[in-house]
Amino acid sequence: MIFKKKTLVLAMSAVCAMMITAGCGKVNVGYVDYARVQTEAPQIKSSMDEMQSRMEEFQKNAEKQLMEQGANIQSEEDAQKFQELQQQLRMQGAGIQQQYATQVQSKIYAAMDTIAKEKKLDTVVRSNGKDGMITGGVDVTDDVIAKLQ
């Protein structure tokens with residue numbers, strides 16, 4: 001009985017969605033090759049290079065700390081402190097990467113939003129490159145890269 005109700009609700013939702021979209025007219029969709037933007041846009045490459053150098057510096061310091069503390073392990077308590085340091089350093093490294101990933105994503109999304117408004121697109125979606133949109137849609141990858149000069 002519950003299954004029939006869920007199926008009926010799902011079917012009614014689908015019919016309503018079709019009726020709503022049928023009257024909306026043409027939808028203008030843009031798509032962007034996100035991976036290409038990450039590798040070709042100067043602002044993004046700069047952020048990625050900055051993250052890389054910061055991570056290299058962090059890793060050197062982390063290795064030094066781990067070597068120093070690892071050499072002084074003489075008890076179970078010391079081993080526990082060493083494991084805690086390892087976990088803390090892993091979290092700090094992940095935090096650095098997350099900070100830059102968020103920064104990069106914000107820049108790309110802001111550029112996508114600006115391009116969508118300029119080209120009067122209803123939406124811009126991420127593409128995985130060569131497979132992009134099968135039919136229709138506007139490739140705005142070059143526009144996004146240009147915006148991120």
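Modeller: A helix here is a DSSP run of H or I with at least four residues, and helices are numbered from the N terminus. K81 and E77 both lie in one such run, helix 4, four residues apart, about one turn of the helix. The model is a predicted one.

Colleague: What makes K81 and E77 a salt bridge?

Modeller: The closest N and O atoms of K81 and E77 are 3.5 Å apart. The rule asks for a side-chain nitrogen of Lys or Arg within 4 Å of a carboxyl oxygen of Asp or Glu, so the pair counts.

Colleague: Why is E77 called exposed, and why is K81 called partly exposed?

Modeller: Exposed means over 50% relative accessible area, buried means under 20%, and partly exposed is in between. E77 has 52%, so it is exposed. K81 has 40%, so it falls in between and is partly exposed.

Colleague: How many salt bridges does the rule give?

Modeller: The count is six. Another of them joins E40 and R36, with the closest N and O atoms 3.1 Å apart. That value is within 4 Å, so the pair passes. E40 and R36 both lie in helix 2, four residues apart, about one turn of the helix. R36 and E40 are also linked with D142 in a network of salt bridges.

Colleague: Why are E40 and R36 called partly exposed?

Modeller: E40 has a relative accessible area of 38% and R36 has 25%.

Colleague: What makes K119 and D143 a salt bridge?

Modeller: Their closest N and O atoms are 3.4 Å apart. K119 is in the loop between helix 4 and strand 2, while D143 is in helix 5 (residues 141–147), so this pair links distant parts of the chain, 24 residues apart. K119, at 40% relative accessibility, is partly exposed, and D143 is partly exposed at 27%.

Colleague: Why is the pair of Y34 and Y109 called tilted?

Modeller: By the rule for aromatic pairs, the count comes to one. In that pair, Y34 and Y109 are 6.2 Å apart centre to centre, with 55 degrees between the planes. Centres within 6.5 Å make a pair; planes under 30 degrees apart would be stacked and over 60 edge-to-face, so 55 degrees leaves tilted.

Colleague: What does the pair tie together?

Modeller: Y34 lies in helix 2 (residues 34–40) and Y109 in helix 4 (residues 76–118), so the pair ties together parts that are 75 residues apart in sequence. Y34 has a relative accessible area of 8%, which is under 20%, so Y34 is buried. Y109, at 35%, counts as partly exposed.

Colleague: How do you know that R126 lies over the face of Y34?

Modeller: R126 is at 3.6 Å from the ring centre of Y34. The rule needs CZ of Arg within 6 Å of the centre and within 35 degrees of the ring normal.

Colleague: What makes strand 1 largely enclosed by the rest of the structure?

Modeller: Strand 1 covers residues 29–33, and four of its five residues are buried, so the strand is largely enclosed by the rest of the structure.

Colleague: How do you know that strand 1 pairs with strand 2 and with strand 3?

Modeller: Pairing needs at least two bridges. Strand 1 has five bridges to strand 2 (residues 123–127) and two to strand 3 (residues 138–139), so both pairings meet the rule. Strand 1 runs parallel to strand 2 and also parallel to strand 3. D33 has S127 as its bridge partner in strand 2, and Y31 has D139 in strand 3.

Colleague: Why is V144 called buried?

Modeller: V144 has a relative accessible area of 0%, which is under 20%, so V144 is buried. V144 is in helix 5. Leaving out residues up to four places away in sequence, V144 touches V32, V37, A111, M112 and I115.

Colleague: Across the whole chain, what share of residues counts as buried?

Modeller: Of the 149 residues of the protein chain, the share is 23%. The chain has five helices and three strands, in the pattern α-β-α-α-α-β-β-α along the sequence.

Definitions and conventions
Residues are numbered from 1 along each chain as its sequence is written. This is a predicted model: local features need pLDDT of at least 70, side-chain atom pairs count only at pLDDT 80 or more; totals for chains, interfaces and linings use all residues. Side-chain values use heavy atoms; hydrogens and water are left out. Buried means under 20% relative accessible area, exposed over 50%, partly exposed in between (1.4 Å probe, protein chains only). Rings of Phe, Tyr and Trp (its six-membered ring) pair if their centres lie within 6.5 Å; planes under 30 degrees apart count as stacked, over 60 as edge-to-face and the rest as tilted. Contact means heavy atoms within 4.5 Å.
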